[in-house]
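Hi,

Here is the structure I said I'd pass on.

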Amino acid sequence: MDILSIDNLKFSYGKPGVLGGISFGLEAGKLYGLFGPNGAGKTTLFRLCLGILKPHSGNVFYKGTDVTRLNAPALARIFSWLPQDHKPPFPFTVRELVLMGMAGSFGYGPKVEHELKALAAMERLGISGLAERPYTKLSGGQRQLALIARAMAQDTPLLFFDEPGAALDYKNQVQLWQILKELSREGKTILACAHDPNQLLWYCDEAIILKEGKLEAKGPVNKALSQEMLDKLYGKSFRLGHAGACPVVCPASGPVSL
Amino acid sequence: MTFRTAPEKPVNVNYLNKKLKRLVLFAALGILLVLAALFASMLGTYKTGPKEIIRLFGSKLPFYSGPEVPRLHDVIIWKLRIPRILLSMAAGSIFALSGTAYQACFRNPLAEPYILGVSAGAAFGAALGIVYPALFVSVRLSAFAFALLAVLLSWSLASTRGSTPGAALVIAGVVVSSVFSALVSSLKYIAPDAQLREITFWMMGGFYYAGWQDAALLFPLALLLGIVFSFFAWKMNILSMGDEEARSLGVDPRFYRPFFIGAATFASAFTVSSSGIIPWVGLMAPHAARMLFGSDNSQLVPGSALLGAAFMLLCDTLARSLTGSEIPIGIVTSILGAPFLIYLLRSRGRAAYQ
């Protein structure tokens with residue numbers, strides 16, 4: 001049974017529809033890559049699932065419960081979210097930021113168990129050394145890791161990551177996907193949006209491909225992210241090839257084009 | 001990056017130590033504040049020493065059997081100074097607490113208790129009460145009513161289809177404030193000289209008429225506000241991350257923002273109606289506290305309340321004892337507050353604000 005099922009979801013910000021009737025389901029314990037050109041409706045989809053926006057029609061069900069009926073604390077026990085852009089207003093320390101992931105479940109202040117959980121999340125991402133640093137003074141990549149630690153501390157069955165690798169250097173991006181993969185093997189269901197098709201091909205179990213608010217494909221990455229799909233999304237500008245055992249998407253014109 | 005490393009070393013001992021240190025620091029600050037308040041009760045145009053103060057407090061205990069306390073001491077210290085000291089500390093901490101809550105709610109380090117029109121509304125209410133004493137029962141009541149009215153106006157101007165964005169609210173506050181300020185100016189224009197003077201004095205703020213009645217209302221209000229805000233400090237932390245993130249972390253801004261703003265506004269309107277407009281404390285105390293105690297509101301809320309109380313106590317004591325006649329406290333808070341904040345900004349601001 002699907003842990004999350006999205007049923008004919010429609011939404012628009014006024015003008016032409018941003019999401020025009022999308023349906024798919026997510027199975028527990030899988031890593032899904034959400035893929036599509038800018039403006040395809042990826043972030044809107046996240047916002048609808050999180051209850052930040054109300055769908056015009058259609059539903060999002062978590063284990064059979066309509067999520068629009070849930071209040072914020074209940075939603076925060078189901079979904080955690082790594083927002084795309086994040087402007088920090090006050091210089092909280094990294095430890096405080098990570099603890100905020102659990103503030104829905106502790107009352108007036110964190111107990112030792114929450115501190116330990118926050119610490120474990122920071123250790124796992126290798127940022128426990130930054131715990132007492134103000135996170136406004138971190139580099140973009142470190143800040144991203146702190147936010148991911150927060151999502152891990154929130155410890156929800158479903159995790160939404162909106163471009164998690166955007167601010168990371170290449171090695172850290174790859175390691176981040178490794179962590180996402182590990183988390184999914186531990187039973188988390190992860191929907192991560194990415195702009196690099198290679199990262200999808202290398203790490204995700206399934207791809208969900210959106211274009212102009214429509215679901216183009218959903219299925220195992222090597223099937224969904226085919227040459228035909230790349231052509232459909234980007235014209236004939238990319239070629240799907242192989243480097244050893246790894247599928248690689250590269251520019252169709254080759255490495256140099258002047 | 002290292003993965004799969006379980007937390008082997010007990011790092012949490014470190015943080016428990018830190019928590020204990022903070023607790024000791026707050027307790028020490030609290031005790032210092034009480035001592036400062038006792039010291040302040042000796043100061044004034046009429047000089048008294050520690051002996052008189054101790055004897056006076058003793059005489060208030062049940063089963064007191066010492067020599068009778070002179071009536072003059074009883075009036076000056078017990079009926080005038082002590083309530084005034086309590087009142088100034090309460091007002092200072094209420095402004096500081098409101099400022100802290102406003103800054104978190106608006107995600108804006110420039111937010112302060114007067115940003116939604118509390119001060120302009122209260123000034124207009126007070127001016128109306130002063131110019132038309134026949135129409136308004138008390139200056140104070142009308143100041144309070146108009147302070148609340150101004151904020152309600154700002155709120156309703158900023159609300160569209162059930163949501164109230166923070167930026168819109170700040171702009172609406174500016175608009176409402178300027179309208180009420182214009183109305184105050186027009187009242188000043190038509191007011192006779194004596195009343196014009198009274199309006200001007202009211203607007204500079206002060207605790208001249210402090211009595212036990214005000215202290216008994218405001219002191220519990222300050223304590224209550226401090227306790228409530230401390231209890232919900234983590235909700236405040238999360239609210240300062242912005243509405244969407246707050247929701248995804250389990251804090252509904254549609255409930256918590258009006259709750260914090262409502263409580264802060266009510267308390268500061270009530271305080272302004274009794275003390276007049278005292279500038280600076282509500283902006284300065286939260287910033288000073290953030291630089292000293294960090295951004296986490298569970299430290300920031302009590303820290304800024306204590307600092308606000310201490311600062312207001314200092315300013316009011318100077319205002320009433322520096323010269324033979326009173327100096328309006330607004331002048332003192334501005335003159336003392338500015339260099340203090342600049343000092344903190346230069347010495348510690350780099351860590352906190354970059």
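For what comes next, a salt bridge is a side-chain nitrogen of Lys or Arg within 4 Å of a carboxyl oxygen of Asp or Glu. Keep in mind that this is a predicted model.

By that rule, there are two salt bridges between chain B and chain A. One of them pairs Arg47(A) with Glu244(B), with 3.1 Å between the closest N and O atoms. The interface of chain B and chain A also has five residue pairs in polar contact, both residues being at pLDDT 80 or more.

On the chain B side, the elements that each bring at least two residues to the contact with chain A are α1 (12-40), α3 (71-106), α9 (233-239), α10 (243-248) and α15 (349-353). That side is made up of 15 nonpolar, 11 polar and 13 charged residues. In total, 55 residues of chain A and 39 residues of chain B take part in the contact. Putting the two chains together buries about 4000 Å², and 60% of that comes from carbon and sulfur atoms.

Then there's the second largest pocket, with a volume of about 1200 Å³. Its lining counts 35 residues, and nearest the centre are Ile52(A), Ser163(B), Asp243(B), Glu244(B) and Pro253(B). Two or more lining residues come from each of α1 (42-49) of chain A and α3, α10 and α11 (253-275) of chain B. By class, the lining splits into 12 nonpolar, 10 polar and 13 charged residues.

Cheers

Definitions and conventions: Residues are numbered from 1 along each chain as its sequence is written. Chains are lettered from A and ligands numbered from 1 in the order in which they are written. This is a predicted model: local features need pLDDT of at least 70, side-chain atom pairs count only at pLDDT 80 or more; totals for chains, interfaces and linings use all residues. Side-chain values use heavy atoms; hydrogens and water are left out. Contact means heavy atoms within 4.5 Å. Buried area is the accessible area (1.4 Å probe) that two parts lose on being put together, summed over both. A polar contact is a pair of N or O atoms within 3.5 Å; within protein, one must be able to donate a hydrogen and the other to accept it, and residues adjacent in sequence count only if both atoms are side-chain atoms. Helices (H or I, at least four residues) and strands (E, at least two) are DSSP runs, numbered from the N terminus. Ala, Val, Leu, Ile, Met, Phe, Trp, Tyr, Cys and Pro count as nonpolar, Asp, Glu, Lys and Arg as charged, and the others, Gly among them, as polar. On a 1 Å grid over the protein atoms alone, a cavity is a set of points where a 1.4 Å probe fits but cannot get out, and a pocket is an open set with protein on both sides within 12 Å along at least five of seven lines; lining residues have an atom within 4 Å of a point. Grid points are joined across faces, edges and corners, and a volume is the space filled by probe spheres set on the points.
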